[in-house]
Amino acid sequence: MTTVRIIAWNTFREAVRDRVLYNLVFFALLMMVAAILVGQISIGIERLIIVNLGLTAISLFGVVMAIFIGVGLVYKEMERRTLYALLTKPILRWHFIVGKFAGLGLTLLVNTAFMTAGLFLALYYVTRTLSLADFQILTAVYFILLQLSLLTALALLLSCFATPIVSLVCSLGLFIVGSFSQDIRAFGEMSQTPWMEGFATTVYYLLPNFGAFNVIAGVAHGKTVPVALILDNTLYALLYIVAALLSAVAIFSNRNLK
Amino acid sequence: MPVVEAEQLTKDYLTGFWRKVPKRSLDGLTLEVRENEVFGFLGPNGAGKTTTIKLLMNLIFPTSGSARILGRPPGDPSMLRRIGYLPEQPYFYDYLTAGELLDYFAQFYGYDAAERRRRVDRFLERVGLASSRDVQLRKFSKGMSQRCGLAQAIIHDPEAVFLDEPMSGLDPVGRREVRDLILELKREGRTVFFSTHILPDAETLCDRVGVLSDGRLRGCGAVEELVSMEGQAVEIVFELSAGAGLPDGLEVTRTGDRYRWQIPEADLYAAIDRLRQSRALIVSVIRIRPSLEDYFFGLMKK
């Protein structure tokens with residue numbers, strides 16, 4: 001696992017050197033402006049607005065990072081031929097794939113951690129208090145991290161065989177459709193046509209269900225996330241990530257590096 | 001034990017829009033590289049040199065045939081620990097400095113931080129980049145990247161080094177330094193396998209060479225052995241006496257009053273007779289040793 005760690009750390013270092021974490025500045029500005037404005041224009045729903053805005057921003061910033069960096073993770077190294085020297089070191093090809101995934105995962109984790117701290121600061125500024133219920137926000141952040149990890153694994157898988165632009169379109173498409181997969185299933189049921197219902201159900205099960213990770217509205221309203229949902233989502237994300245990474249490893253291990 | 005053994009190694013690439021047209025890049029290469037020799041892999045551009053090295057490095061996979069390096073299959077991590085590789089026109093992570101890049105690669109060999117620092121300093125010094133330790137690779141010239149590539153290939157003191165066009169992109173001083181480095185590696189007991197199309201470099205450095213053309217190995221052996229197959233030639237230098245004309249049909253080069261005439265060794269006495277009849281003054285007769293270049297072009301013409 002040492003080789004995976006070395007590759008992961010270098011991927012993180014690349015992201016930092018490429019000024020990826022500069023998005024934190026935009027997030028900080030957004031939260032500051034929101035906190036000041038919310039205090040002036042809303043009465044009684046400051047918490048709701050700040051939590052909603054903050055978690056949505058954390059999710060969106062993370063999605064953009066996961067997709068835009070993820071789609072180039074493998075392809076960029078193949079195109080620039082930086083892989084040649086690396087893969088002739090005493091490592092296996094799966095070390096590279098898992099290392100790249102872990103590196104981007106670490107980048108997203110650090111980014112999300114800073115943004116979450118910013119959200120709590122903004123929340124404290126607006127409400128002047130933090131209750132135990134506010135820490136439900138951490139569950140929503142955990143779900144966002146699961147979602148981002150899954151998206152990273154899918155972007156990485158696409159990066160093993162498609163150009164960044166194709167991977168970008170596909171990853172974004174998967175994310176958007178996956179965020180509404182429950183609606184697709186409901187649409188199939190409403191159609192009352194057996195083949196349409198079957199098709200919609202198949203699509204629902206095949207596509208990653210990103211919508212299941214979205215508890216932002218509930219948490220903003222102070223609702224508690226059920227433990228069963230936490231376990232379900234964790235298991236679901238883990239299985240999907242493992243399947244995506246295994247597919248990426250299978251493709252990459254048989255790939256000729258021209 | 002041979003360092004490299006290739007047995008009928010063949011590589012086809014699929015080309016065309018539907019990727020259904022196979023194009024043979026390497027055709028049945030059988031080759032052996034021995035311990036502690038400098039082996040030069042020669043051939044024109046597109047001959048299959050880089051394809052061969054990539055197959056040996058497990059960066060691409062053979063269509064048929066097999067290869068072993070240090071007795072292990074390509075890609076085996078225990079074998080990779082014992083070899084070094086410089087890709088053709090290397091490109092590295094441009095957000096790293098030269099020192100960071102070498103440190104990154106050295107980590108894969110399990111050295112601790114202090115040992116890595118020592119090695120990074122030692123090998124940057126060895127390739128002439130000591131003063132560029134903290135310069136980001138994006139600011140490196142082609143020649144500097146090449147030197148950095150050489151350093152990463154040898155940072156772990158490998159038993160065998162594979163260098164793909166190590167002299168390309170280097171100025172004459174850089175080429176000389178790489179030549180010296182290859183000879184040093186040999187003196188240290190390592191095996192060097194390098195591809196090049198710069199024939200004088202190969203002639204100077206190599207114990208044995210393999211000549212590749214259109215994906216096929218056209219010749220392989222010690223440089224002396226191969227060039228002796230070219231057949232011997234002689235050069236006669238002569239001057240004409242006053243008023244005498246140059247005999248008809250002679251392909252000569254004139255330098256001042258002197259003429260140089262190159263002929264196969266077997267025709268020497270007949271040539272001398274012709275010159276005597278023309279009352280030419282024979283200044284010298286020198287045997288010309290064929291060069292690797294002569295052998296190479298001889299093969300290419302066939």
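Me: Let's start with strand β10 of chain B. In what sense do β10(B) and β13(B) pair, and over how many bridges?

Reply: This is a predicted model, so keep that in mind as we go. Strand β10 of chain B covers residues 233-239, and its pairing with β13(B) is antiparallel, with seven bridges. For one spot to look at, find F238(B): I282(B) of β13(B) stands opposite.

Me: Which strand does β10(B) join through another seven bridges?

Reply: That is β12 of chain B, residues 258-264, and these two strands run antiparallel. Here you can look for V234(B), which stands opposite I263(B) in β12(B).

Me: And how many bridges pair β11(B) with β12(B)?

Reply: Four, again in the antiparallel sense. T255(B) has R258(B) in β12(B) as its bridge partner. The two strands make a hairpin with two residues between them, and G256(B) in the turn has a positive phi of about 65°.

Me: How many bridges join β1(B) to β4(B)?

Reply: Five, between strands that run antiparallel; β1 of chain B spans residues 4-15. One pair to pick out is T10(B) with its bridge partner S64(B) in β4(B).

Me: On to helices. What describes two packed helices?

Reply: You give the angle between their axes and the distance between the axes. Take α3 (residues 46-70) and α7 (residues 137-159) of chain A: they pack at about 15°, with axes 8 Å apart. Angles under 35 degrees count as roughly parallel, so α3(A) is roughly parallel to α7(A). The crossing of α3(A) past α7(A) is right-handed.

Me: Which residues meet there?

Reply: From α3(A), look for V51(A), L55(A) and I58(A), among others; from α7(A), the residues include I144(A), L148(A) and L151(A). By class, the contact has 14 nonpolar, five polar and no charged residues.

Me: At what angle do α3(B) and α5(B) pack in chain B?

Reply: At about 25°, with their axes 9 Å apart; α5 of chain B is residues 142-154. That makes α3(B) roughly parallel to α5(B). Their crossing is right-handed. The contact is made by A98(B), L101(B), L102(B) and F105(B) of α3(B) with C148(B), A151(B) and Q152(B) of α5(B). Those residues divide into six nonpolar, one polar and no charged.

Me: How many residues of chain B are in contact with chain A?

Reply: There are 20 from chain B, in contact with 19 residues of chain A. Helices α2 (77-80) and α3 (98-107) of chain B each supply at least two residues to the side of chain B that touches chain A. Here α3(B) gives the most, with three residues. That side of chain B has 17 nonpolar, two polar and one charged residue.

Me: What domains does the assignment give for chain B?

Reply: The domain assignment lists domain 1 (4-228) and domain 2 (233-301). Their centres, taken over C-alpha atoms, are 42 Å apart. Eleven residues of domain 1 are in contact with nine of domain 2 in chain B. On the domain 1 side, α7 (199-205), β8 (208-213), β9 (216-222) and α8 (223-228) of chain B each supply at least two residues. By class, that side has seven nonpolar, two polar and two charged residues.

Methods. Residues are numbered from 1 along each chain as its sequence is written. Chains are lettered from A and ligands numbered from 1 in the order in which they are written. This is a predicted model: local features need pLDDT of at least 70, side-chain atom pairs count only at pLDDT 80 or more; totals for chains, interfaces and linings use all residues. Two strands pair if DSSP finds at least two bridges between them. Two residues are in contact if their C-beta atoms, placed from the backbone, lie within 7 Å. Ala, Val, Leu, Ile, Met, Phe, Trp, Tyr, Cys and Pro count as nonpolar, Asp, Glu, Lys and Arg as charged, and the others, Gly among them, as polar. Axes are lines fitted to C-alpha atoms, for helices over the stretch in contact, and angles run from 0 to 180 degrees between N-to-C directions. Angles under 35 degrees count as roughly parallel, over 145 as roughly antiparallel, 65 to 115 as roughly perpendicular and the rest as oblique. A crossing is left-handed if the near helix is turned anticlockwise from the far one by less than a right angle, and right-handed if clockwise. Domain bounds come from an automatic or database domain assignment.
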